[in-house]
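Visitor: I would like to learn how to read a few features of a fold. Can we go through them on one example?

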Amino acid sequence: MGIEAYEGYRALCEPHERISEHDALIFLKDQYRLSNITLRRIMTERDDTFSVSVAQSTRPKWILKIEHPSESREAVLMRAQAIRSFEELDSSLPVTRIFANRSDALVSAMERQNHTRYATLTSFVAGEMLSHMREPASDLLLFNMGKALARIELVLAKQQSCEDHLGRVLWDMRLFPEICEATLPAISDIHMRKPIERALDDYLTIHKRVCELPEYMCHGDFHPGNVMVDSNMPNVIAGIIDFGDMHRMPLICDVATCLCYAIATHARVDTALAPCRRILQGYSWQLSAHDDDQRRYARSTSLMHLSDEDYSLLPILIEVRSALAVILPYLAQTLAGVDASHYIANPETRLRRLITVQNIGHRECEAQLQP
């Protein structure tokens, strides 16, 4: 099946009417009884997202996300219910919260002339974005990131229903061959194309094994741009945001996504993955630190630890996620006319991360990752 068959690709190809701030204000007043507020658009590639502040305040209080017209109500509702499940199953986990509308529904409908768009209102998480911090993350903060990822996975793994509604997002590593087939011929820059081609060759050696792994609901985009840190306590995670790429995939792919963005690209080759190893230590610790009921559940879903087989997949999966971070912004800009620099780090940073992983090599990568 070609990439054209997947919802994420079609969303990039299909133009949609941009929702104005005026219309968003009317919508918030009608659906959530919010007035005397101000909005600021947040650049994204396939939806209309706004930070919402109480008038005269400089600090946002909510995030309004109006989905692309191709998003079904079922898919939006499933993500909303998953976010609500954190309050019910792990209320101390610092994730964004979702608010019901005036009808007590988690998803609101915005009627346009010839289609309906679905929207959610979530809390704004204050703090400093980890990706914007001047100093490198401390060992304790990295450990806490691993713990948070494990807690998220344990809650989301219970969301087993309606999997067909979510479709396939383009960040799904299992789609990497199709994405390369659709995109590589248009990339003329050989310095960009060659590392991606190498990543594709490496991934094809494990593609079958990855596709045979069990699937669970995952965050899908757990990286420093979606982790907020307490400004007064820099080792404490203040919040985890952006569940818009939540989808079903092997857990090891979710872990590889997190580790990809932790690579110290300016460090020596033999220490570049030290932050990743610290995250894995926190992840493994959390999965073995539950009470009896949680421990039994973790065993039943194979979430207690990463197996040797899982560890052997991590180097190539980190390489693939690094390659996706290079190629997908290019795809978004080509198909949707989106200036990817508004919401994704500059191309040089993404490409340097991919090349760093490849220079380390798979065997050394696996050795450095052992917690």
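Guide: We will take aromatic pairs, then a strand pair, then a helix. Keep in mind that this is a predicted model.

Visitor: Start with the rings. How many aromatic pairs are there?

Guide: The count comes to 4 aromatic pairs. Take F27 and Y32 as one of them. Their ring centres are 6.5 Å apart and the planes stand at 70 degrees. Planes over 60 degrees apart count as edge-to-face, so F27 and Y32 form an edge-to-face pair.

Visitor: Are F27 and Y32 buried or exposed?

Guide: Buried means under 20% relative accessible area. F27 has 6%, so F27 is buried. Y32 has 9% relative accessibility and also counts as buried.

Visitor: What is the geometry of the pair F86 and F243?

Guide: That pair is tilted. The rings lie 5.4 Å centre to centre, with 50 degrees between the planes.

Visitor: Where in the fold do F86 and F243 lie?

Guide: F86 is in helix α3, residues 73-89. F243 is in the loop between β10 (237-240) and β11 (247-249).

Visitor: Now a strand. How should I read its two faces?

Guide: In a regular strand, side chains alternate between the two faces of the sheet. Now look at strand β5, residues 108-111. S108 and M110 make up its covered face. A109 and E111 make up the uncovered one.

Visitor: Which strand pairs with β5, and in what sense?

Guide: β5 pairs with β6, residues 116-123, in the antiparallel sense. The pairing runs over 4 bridges. In one of them, A109 has Y118 of β6 as its bridge partner. A hairpin of 4 residues joins β5 to β6.

Visitor: Let me zoom in on T257. What does T257 touch?

Guide: First place the residue: T257 is found in helix α8. At 1% relative accessibility, T257 counts as buried. Leave out residues up to four places away in sequence, and T257 touches M173, G220, D221, F222 and R321.

Conventions:
Residues are numbered from 1 along each chain as its sequence is written. This is a predicted model: local features need pLDDT of at least 70, side-chain atom pairs count only at pLDDT 80 or more; totals for chains, interfaces and linings use all residues. Side-chain values use heavy atoms; hydrogens and water are left out. Rings of Phe, Tyr and Trp (its six-membered ring) pair if their centres lie within 6.5 Å; planes under 30 degrees apart count as stacked, over 60 as edge-to-face and the rest as tilted. Buried means under 20% relative accessible area, exposed over 50%, partly exposed in between (1.4 Å probe, protein chains only). Helices (H or I, at least four residues) and strands (E, at least two) are DSSP runs, numbered from the N terminus. Two strands pair if DSSP finds at least two bridges between them. Contact means heavy atoms within 4.5 Å.
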